[in-house]
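Hello,

Here is the structure I said I would pass on. My notes on it follow below.

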Amino acid sequence: MGQSILLAAGLAVLAWLLVVSRQLRDRRPEWFWYLTGFVPAAMRVMTTWRRVARVNDLAVSYGPNQRALGGLIVRGTPLRLRFPRLTGIRPLPNGLAVRVRLLPGQTPAAFVEAADAMAHAWRMFAVRVVSPRRGVVLISATASDPLENPRLPRGATGVPLLSAVVGALETGGAWVVDFRREPHWLVVGATRSGKSTLLARLVVQLAPQPVALVGVDCKGGMELGLFRRRLSALATSRPEAVALFGALVVEVQRRMKVCRAAGARSIWELPNEERPLAVVVLVDEMAELYLTNGSRDDRAEAEQCSTYLLRLAQLGAALGVHLVIAGQRVGADLGPGVTALRAQLGGRICHRVNDPGTAEMTLGDLHKDAVAVAQSIRADEQGVAVTTAGAAGWVRARSHLTAPADAARLVDAYADRTPHLAFLDNAMEAGDPS
Ligand SMILES: Nc1ncnc2c1ncn2[C@@H]1O[C@H](COP(=O)(O)OP(=O)(O)OP(=O)(O)O)[C@@H](O)[C@H]1O
């Protein structure tokens, strides 16, 4: 009798533990990982390190590989290997990180190459290797793909001005586009890769803030038109875009004079009451601004557009005019000035792309090792992108999916916060072809 009561109690406790652990896994996956996954994974890393290092040529020998034996010179592989030391293994919300001290003569490249082997040996989803400083590599391993179902942040309050939480990072943190840190952004991706969703997410996040939003959507305003009521201006054709960019260049030059007179190097050094409003210009499909039918007028218009955009990118950063430029491709073949413009857009977001050259153009000039990762994004991973962020300089991330109708509803709630930009009044009239 007593035994069966004990057995029943044991079973009840077991069932309760199962339910609690399932709830913990679903609601607090990071705690679930800390409590159940980290220690075994850390043990695997520690116990397999020497074997992984040896197989992947990460161990070195300083002994000679030849020796004189009875008057003969015998060559061979030296057996006394030295292994680079692992230090400071620590948990991440969805994985672990460990530092490795490089031995003299070693470079991080061999460790980067061995990343896949480490992921398999440690049964982790992915391993990334970066070198935060000379002589050290940081190995970060993620246990599962955190981008399969990125969770919306709980309560999006407290976001600093000109910052937008647009999704989740592979490392488990929030994916934040921060215009104060990185003033201009380039968003690239093939059709249906998630560009518009990301732009929508940006608008949703910026809508409550004291920021002017300006749209340029030359595909007839189909994407950004959803947010018309929160946009201070929307250009839906190239003539309108040229007029709008021209007016913004004039405004930027005016702001420059104000700053110069006040002895300030940016609008953020001006007193609050004198500081002009920050403007975020969102361009959906940059190719529409550059492509021409070959006629002289068309070419001149495209060149004008390109010159204005470049000017805004060069001057706008310190003067509160920020660019987010999205397109399927970015390449010198689009038109003159594209490569120069790209150099000014320090923030990069590369979704799935159709050709390797586009990933190379989007990320290759900043982070060579990120290109292959961007090229491996699958068609069913919509919203997944490689973005410039974090200590490594780049990271995989996925935007939060908000249906267009929901995004429009969320943004509409802030329609009364749409600032009137008087300096754009004439431009929009001038650019209107009707
Ligand atoms: N973060 C995401 N998570 C899940 N699904 C997504 C995500 N982002 C986009 N999608 C899905 O992908 C589809 C295409 O996305 P989106 O319209 O943003 O792509 P796009 O790159 O703007 O395409 P186009 O160039 O044709 O306008 C969306 O309808 C949505 O279902």
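Helix H10 (residues 356-364) and helix H11 (residues 368-375) have axes that come within 8 Å and cross at roughly 140°. H10 and H11 are therefore oblique to each other, and their crossing is right-handed. On the H10 side the contact is made by Pro 356, Ala 359, Glu 360, Leu 363 and Gly 364, and on the H11 side by Lys 368, Ala 370, Val 371, Ala 374 and Gln 375. Sorted by class, that contact of H10 with H11 has 6 nonpolar, 2 polar and 2 charged residues.

The model is predicted: local features need pLDDT of at least 70, side-chain atom pairs count only at pLDDT 80 or more, and totals for chains, interfaces and linings use all residues. Residues are numbered from 1 along each chain as its sequence is written.

Some terms, before the rest. Helices (H or I, at least four residues) and strands (E, at least two) are DSSP runs, numbered from the N terminus. Axes are lines fitted to C-alpha atoms, for helices over the stretch in contact, and angles run from 0 to 180 degrees between N-to-C directions. Angles under 35 degrees count as roughly parallel, over 145 as roughly antiparallel, 65 to 115 as roughly perpendicular and the rest as oblique. A crossing is left-handed if the near helix is turned anticlockwise from the far one by less than a right angle, and right-handed if clockwise. Residues are in contact if their C-beta atoms, placed from the backbone, lie within 7 Å. Ala, Val, Leu, Ile, Met, Phe, Trp, Tyr, Cys and Pro count as nonpolar, Asp, Glu, Lys and Arg as charged, and the others, Gly among them, as polar.

Next, H5 (195-206). The axes of H5 and helix H12 (residues 404-412) come within 9 Å and cross at roughly 20°, so the two are roughly parallel. Their crossing is left-handed. Ala 200, Val 203 and Val 204 of H5 meet Pro 404, Ala 407, Leu 410 and Val 411 of H12. This contact of H5 with H12 consists of 7 nonpolar residues, with no polar and no charged ones.

H5 also takes part in the shell around the ligand, giving the most to it, with 3 residues. In total, 13 residues surround the ligand, and the closest are Gly 194, Ser 196, Thr 197, Gln 382 and Gly 383.

Helix H6 (residues 238-262) packs against helix H8 (residues 296-316) at an angle of about 30°, with the axes 9 Å apart. That makes H6 roughly parallel to H8, and H6 passes H8 in a left-handed crossing. The contact of H6 with H8 has 13 nonpolar, 3 polar and 3 charged residues.

Last, the record. An unreviewed UniProt entry annotates residues 31-49 as "transmembrane region"; UniProt positions are in the numbering used here, feature names are shortened, and annotations may be inferred rather than shown by experiment. Residues 31-49 are 100% helix and 0% strand, with their end C-alpha atoms 26 Å apart.

Regards

Technical notes. Near = placed C-beta within 6 Å. Contact = placed C-beta atoms within 7 Å.
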